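Let's take a walk through this model together, one region at a time. Have the sequence and the 3D view open as you read.

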Amino acid sequence: MLTKGVSWLLHTSSYPYDYDELAQKNKQFLWHPFTQMKDYNAQDPLIIARGEGVKLFDVHGKAYYDGFSSVWLNVHGHNVPELNQAIMEQLSQIAHSTLLGMANVPSILLAEQLVRIAPPGLSKVFYSDNGATAVEISLKMAFQYWQNRGQTGKHSFITMNNAYHGDTIGATSVGAIPLYHQVYKPLLFSPYVIPYPYPYRDGGEQAAMEATLSQLESLLQQKAGEIAAMIVEPVVQGASGMIVMPDGCLKRIAELLRAHDVLLIADEVATGFGRTGKMFACEHDGVVPDIMAVAKGLTGGYLPVAATLVTEEIYDAFYADYEEQKTFFHGHSFTGNPLGCAVALANLRLMEERRLVEQVAEKAVGLAKLLQPLKAEPHVGDIRQKGLMAGIELVRDKKTKEPYHWNERIGVRVCQRAREKGLLTRPLGNVIVFIPPLASRMDEMAEMVQMLAESIHEVTLEQKGQTVR
């Protein structure tokens, strides 16, 4: 007999639990990611029951705008008929079969489409199931590439200050956000770290870019012989607070790496599939990386599929007689999952039919205008945006750029206020993230930005002990 919980899965129109019962089960059984559970369990949890368009609905029926695309990955909104249909059609054929030594239809067709839309020269696709694993694969491929070529001394990596590339061991090793990564240091390998250009904090675009390039060039001159690859969040560094690279910086980085025979890994997990106004962020600077990791928007936000794309040169270093043992010994149980690949194909088809990437570039201009009035707020220090990725940095003192102290939880409180108004997002410290689904209409984004603006105004005034009007 089905239990009460399992039987609910068969009924989409009703919900047999009351809120208090669900809240208790949530507290009793769940451990949430990136969440201090002592704080979380002291509050009434938000429990989502369904989604429609760019809104999510809790178990009480209250609607919220999805202002961070359900962690930066939603493309067309929720409950999209074409994507739902793609999954159902594939489900009627087969839900999963392995790619270890065999293939399946959707994985082949999706690989073809990924190569077609990727920066030219990326010609082979290796599947996994999330951004961290796509990065992990990238690192292992870069390392083994040089081993297979007989250059065994090239074993180190370069990353950038405040980088975030995921939470597996390799991905954490090339992460550089102390709050997230410091505790795991004894488990990790140590990359070289150079600054990611941060114009607001580093003297403007030119000074920030030159500092990055100067340190990279110096490091390469000294250590290129031992460095396998550099990993970069191209154009927008996400988890550090939506830091936007100056135009041309990525191109200069790529040129330096190529001149010193070091591979470039582009982590396009957050920036790929139209989020920045190009299909991939590398395109803004006309850069073709040696290895590119993608995930998040790949399936339209439906199912966990990721991929690592490489050039023919990388692939060829592993292509050898069996006895040479140059095989890439890596894989995941759900690699190339047919359901995920099928919905990814439908997602890419919809993106083309609706000219979504071009629309994002157009909407980005409108979003910039919507965000412009926020610059007048006394505690908005900087607004950074590329496409439909935006970050609003809050500061205690606008003149000196003095940040709020972590313990003041200014970002957390602003996002809590926005939730009360009907907008969901998460802060990155003192930076408020705004990453709406790519299909959001301008009127919907205007409502979302208004809610954010009100929340910032109210919370920063309250922090100063002033009355909100």
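A pocket here is an open set of points on a 1 Å grid over the protein atoms alone, with protein on both sides within 12 Å along at least five of seven lines, and lining residues have an atom within 4 Å of a point. Grid points are joined across faces, edges and corners, and the volume is the space filled by probe spheres set on the points. Keep in mind that this is a predicted model: local features need pLDDT of at least 70, side-chain atom pairs count only at pLDDT 80 or more, and totals for chains, interfaces and linings use all residues. Residues are numbered from 1 along each chain as its sequence is written, and side-chain values use heavy atoms, with hydrogens and water left out.

Which residues lie nearest the centre of the second largest pocket? They are Val125, Phe126, Met141, Tyr315 and Phe328, out of 32 lining residues. The elements giving two or more residues to this lining are α6 (105-117), β4 (122-128), β12 (306-311) and α12 (312-316), and β4 gives the most, with five. Helices (H or I, at least four residues) and strands (E, at least two) are DSSP runs, numbered from the N terminus. The lining of this pocket divides into 19 nonpolar, 10 polar and three charged residues; Ala, Val, Leu, Ile, Met, Phe, Trp, Tyr, Cys and Pro count as nonpolar, Asp, Glu, Lys and Arg as charged, and the others, Gly among them, as polar.

Now move to helix α11 (residues 249-259), where Cys249, Leu250, Ile253, Ala254, Leu256 and Leu257 are buried. Buried means under 20% relative accessible area, exposed over 50%, and partly exposed in between (1.4 Å probe, protein chains only). Viewed down the axis of α11, the buried residues fall within an arc of 165°, so they line one face of the helix. That arc is taken from the directions from the helix axis to the C-beta atoms. The face turned away from the buried side of α11 carries the exposed residues Arg258 and Ala259. Covering the buried residues are, among others, β5 (156-160), α10 (205-223), β7 (227-232) and β10 (263-267). Just after α11, Asp261 takes a positive phi of about 60°.

Next come the rings, with nine aromatic pairs in the whole structure. Rings of Phe, Tyr and Trp (its six-membered ring) pair if their centres lie within 6.5 Å; planes under 30 degrees apart count as stacked, over 60 as edge-to-face and the rest as tilted. Phe157 and Phe189 have ring centres 5.8 Å apart and planes at 35°, so this pair is tilted. Phe157 sits in strand β5 and Phe189 in the loop between α9 (178-181) and β6 (192-194), so the pair ties together parts 32 residues apart in sequence. Phe157 counts as buried at 5% relative accessibility, while Phe189, at 36%, is partly exposed. Phe273 and Phe280 make an edge-to-face pair, 5.2 Å centre to centre with 65° between the planes.

Finally, there are two cavities of 30 Å³ or more, a cavity being a set of points where a 1.4 Å probe fits but cannot get out. The largest cavity has a volume of about 60 Å³, and its lining includes Phe273. The second largest cavity, of about 40 Å³, has Cys249 and Leu250 among its lining residues.

Note on methods
Contact means heavy atoms within 4.5 Å.
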